[in-house]
Amino acid sequence: MSKELIVILLISPLVGFLINGLFGKWLKGQEKLSGVLGSLAVFISLTCSIIAFIKVQGGTTLEGENGILYTWISGESFTFNIGFHVDALTTVMLLVITGVGFLIHIYSIGYMHGDSGYTRYFAYLNLFVFAMLILVLGNNYVMMFVGWEGVGLCSYLLIGFWYEKQSATDAGKKAFIVNRIGDFGFLLGMFTLFAAFGSLDFGSIFETAKELQPAADGMGFVETDNFKQIFGASTLVIATLLLFVGAIGKSAQIPLYVWLPDAMEGPTPVSALIHAATMVTAGVYMIARSAVLYNLAETGVVVAWIGVLTALFAAIIALKQNDIKRILAYSTVSQLGYMFVGVGVGAYASGIFHLVTHAFFKGLMFLTAGSVMHAMANELDIRKMGGLRNKLPITHATFLVGALAIAGAPFLSGFWSKDEILHSAWGGSKAIYIIGLITAFLTAFYMFRLIFVTFYGKSRVEPEVASHLHESPAVMWLPLAILAVPSALIGLLLGVGGHDSWFHHFTEDVFPKADKAPGNVILFMVISSIVGLAGIAYAWTRYKDRVPSDEPTNALQRLVANKFYIDEIYNTFIVQPIKNISHFLLWKVFDTLIVDGIVNAVAAIIRVIGGTLRRLQTGLVQVYIVSMVIGIVLFLAYYLFFA
Amino acid sequence: MSLGVEYYLVLSALLFTIGVLGVLIRRNAIIIFMCIELMLNAANLAFVAINRSLGSSDPDGQLFVFFVMAVAAAEVAIGLAIIVSVFKHKKTINVDEVNSLKG
C-alpha cells in the first residue's frame, strides 16, 4: 500500500472543506454545487478506503517506518512524526467513516435544502471527516489527539450550527466543556505513556509492551531500556485509566454522557454522522487500538463495568422520553456502553464489530428520524405523530429495519454483534451478562415504543401539518434505502460463526488473542433473540394504540422522565459552585480587590508624583534657561574645584 | 608685538556673560535672540584666539567657526520665523506671555 493513496484519502475532505469554507460566498445561490463538491470529496476518500481495505485483506499493511510521512516535531529526547498506521482495524474504521459519511453527505443535500448556512454546513462536515480520518489513520497518540480535538471542534460547530437558537449554542458549549474534561484525561494519559515508554508511537509502545515480563513480586513489570515504572507498579493502570477518561468524555459514558442528548440540537444528519456513527465511537476505537496496554494493565474490567452501567442507565432513561431524537440519543449512549463491554472484557473484535453494525443501523435511524422531521415540519414530539406508516412508507420501512437490527431480531446485524458481546461478557462476568441482557430487553422495548407511537395507531398530527405530509425526495430516501441493506445484512456477511467469523479472522492480527467464551453459541443466540422479541412484544401490548401519557403517574416514573435529575444534580453540585467561586472569590475578591487594587495603586502613585513635578514646568522660557545655567555652573564648579 | 591670548579670552568671556544675562533678563524675544547670537560669537572668538595661540598648522578652530556661523544662520532663519508666527498668533513677543506649554 502506498502512502500516496492514504494522503489522497486524507487530503480530499480537507480540500472540500477549503473550497466550501473559503469560497462559500461565491457558491451561494448554487447550493447544489456546494453539496455535490462536499459529497465528491468524501466519495474520493471512500474509493481510496475500499482500495486500502482490499490491500489490507491481501496482507499488506502500512506500519512503523513505512508509514512515516514527515517529522512534525523533533527534539533532543523525542520525535513526533506525521505518519500512518493502516491495518485491518484502521480500514474497518475508514470504511465506516467514509461509507456512512458519504451517504449522509448525499442525504444532507436534500435535508439542508434552502438553509442559509448551506456551504458552511458542508465545510464543517468535510472538516469533520478530515479530522476523523486523522484520528484513525495516525500512527501515534499525538496524531490521534489532534484528530480527537478536531472532531470535538467540528462537533461543537455543528451542534451550534443554528447559532441563532439559544438552546443550540448552549448545547454546543455543553458538549465542548464536558468533552474538555475527558480530553484532559486523555492528555494526562499520553503524558504518562510518554514518561513510561519515552515515545508515543503505536509501534514502539506496543512492541515494548508485548515484551514486558511480570515482576518477581507480582507487582507491575520488570523495567527495561524502553520502559520505566514512573508510578511504580500501577504505571500502566494509571495510564490506561486516564486514557479511558478521555474515552468516557468522547464516547458519552457515565458520568460524562450528559452532552450527547443535548447534542441533538444540531441538524439531524450531523446527529447521524457525528453523534451516532463515527465520532462518539472514537473512544471505543482508542481502547481497541491500545488493546495491548489494557490487557497488560487488566483495567478492562473497569471499562466493562462503566460500559454496562451506562448501557442500562441510558436505556432506562430512553423509556420515558418523548422526543424522537432524544430517544435515539440515549439509545446511542446505551449502545456505546455495549461496545465498551465488548472491548472491556477483551473481546476487542466483537466491540469493533458492534461499532460497525451500530454505525449503519443507528445512522439509518437518525436519518429516518430526519425524514420524519422533514415531513412533519420539524416536529420532534412522538405524541404528536402516529399513523405515519401510510404517509411515509419508505421512512417507515427503513426505520423498522434499523429498529429490528438494534433490538436484536434474529439474523439482522445487531443480533450478531450484540450477541457476540453478551457471549464474551458471560466469559468475563456473569453480572455484566445479566445487566446486558436486561438492557437488550429495554432496548427492544423503547425502540418499538417509538415505532408504534410514531408510525402506528391513529394519526395525532395537527391538521395544518397533516396537509403537507409527504415522503422525502429521492436524494434523501435513497441513502436510507442503501443504508438499510447493510443494517440488515452486514451481520450475516461478517458475523456468522461468532468467534470464528470472517470479521474475527480479518482483525486477528490486530488484537491480542481472546479466550474463547465458554458455553454454547447457539444457546446464547436463542436467549438473546427471545429477550429481544419479548421486548418488542411487550411494547406492542402497551403502545399498540396508546399514547404515552403526558404526566408521569408515580415517583419512579417521574424520576425516569426527568432523566434521574442528573443535569440538575450536576448543575447544583458542579456548575453553580464553580459559578459562585468565580463570581464571589475570583471576580469580587481576586479580580476587583487584588488585581484592580494593584493597578489602581500604581496609577495613584504616579498621579501624585506627576502632580508634584508638573509645577516645575512653568511655561516660562527664562525659568528653564536659569535652571540650565545654574546646572552648567554647578557642573563647571565641580570639575574645576573638586574633580 | 602682539596681544596675548588672555585679552581675547577675557573679551570673549565678557561678551558671553553679556549674552547670558541678556537671555536671562530681557523679555523681548528678539533681544533674547540677539543675545544668543552674542554668545555664539563669543565662542567663535575664543576658538580663533586659542587656535592662533597654540600655533598649530591645522586650522581646526577656525574651521569650527564656520560651522558655528552656518548653524547660527540656520537658527536665525528658523528662530525669526517662529517669532513671526508667534507674533501673528499672540500679538506679542513677550516671552512671559507665551507660556501655554506649562504643565
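## A tour of the predicted model

Over all chains, a search of the whole structure finds ten salt bridges, a salt bridge being a side-chain nitrogen of Lys or Arg within 4 Å of a carboxyl oxygen of Asp or Glu. This is a predicted model, in which local features need pLDDT of at least 70 and side-chain atom pairs count only at pLDDT 80 or more, while totals for chains, interfaces and linings use all residues. For your selections, residues are numbered from 1 along each chain as its sequence is written, chains are lettered from A and ligands numbered from 1 in the order in which they are written, and side-chain values use heavy atoms, with hydrogens and water left out.

Select Arg180(A) and Glu149(A), whose side chains meet in a salt bridge at 2.5 Å, N to O. Arg180(A) belongs to helix α7 (residues 166–197) of chain A and Glu149(A) to helix α6 (residues 141–159) of chain A, so the pair ties together parts that are 31 residues apart in sequence. Helices here are DSSP runs (H or I, at least four residues), numbered from the N terminus.

Next, select helix α9 (residues 235–250) of chain A together with helix α12 (residues 282–289) of chain A, whose axes come within 7 Å and cross at roughly 155 degrees. The axes are lines fitted to C-alpha atoms over the stretch in contact, and angles run from 0 to 180 degrees between N-to-C directions. That crossing makes α9(A) roughly antiparallel to α12(A), a label given to angles over 145 degrees. From α9(A) the contact (heavy atoms within 4.5 Å) is made by Leu243(A), Phe244(A), Ala247(A) and Lys250(A), and from α12(A) by Ala282(A), Gly283(A), Met286(A) and Ile287(A). By class, these residues divide into six nonpolar, one polar and one charged; Ala, Val, Leu, Ile, Met, Phe, Trp, Tyr, Cys and Pro count as nonpolar, Asp, Glu, Lys and Arg as charged, and the others, Gly among them, as polar.

Most residues other than glycine have a negative phi, and most peptide bonds are trans.

- Pro255(A), in the loop between α9 and α10 (259–262) of chain A, is joined to Ile254(A) by a cis peptide bond with omega near 5 degrees.
- Phe411(A), in the loop between α17 (393–407) and α18 (413–428) of chain A, has a positive phi, near 75 degrees.
- Lys563(A), in the loop between α24 (555–561) and α25 (566–613) of chain A, has a positive phi of about 55 degrees although it is not a glycine.

Go then to Met1(A), in the segment before α1 (3–22) of chain A. Leaving aside residues up to four places away in sequence, Met1(A) touches residues including Ile6(A), Ala52(A), Val56(A) and Val86(A). The C-alpha atoms of Met1(A) and Tyr624(A) are separated by 85 Å.

Finally, display chain A with chain B, where the contact takes nine residues from chain A and 14 residues from chain B. Across this interface the rule finds zero salt bridges.

Key:
Helix = DSSP H or I, 4+ residues; strand = E, 2+ residues; numbered from the N terminus. Parallel < 35°, antiparallel > 145°, perpendicular 65-115°, else oblique.
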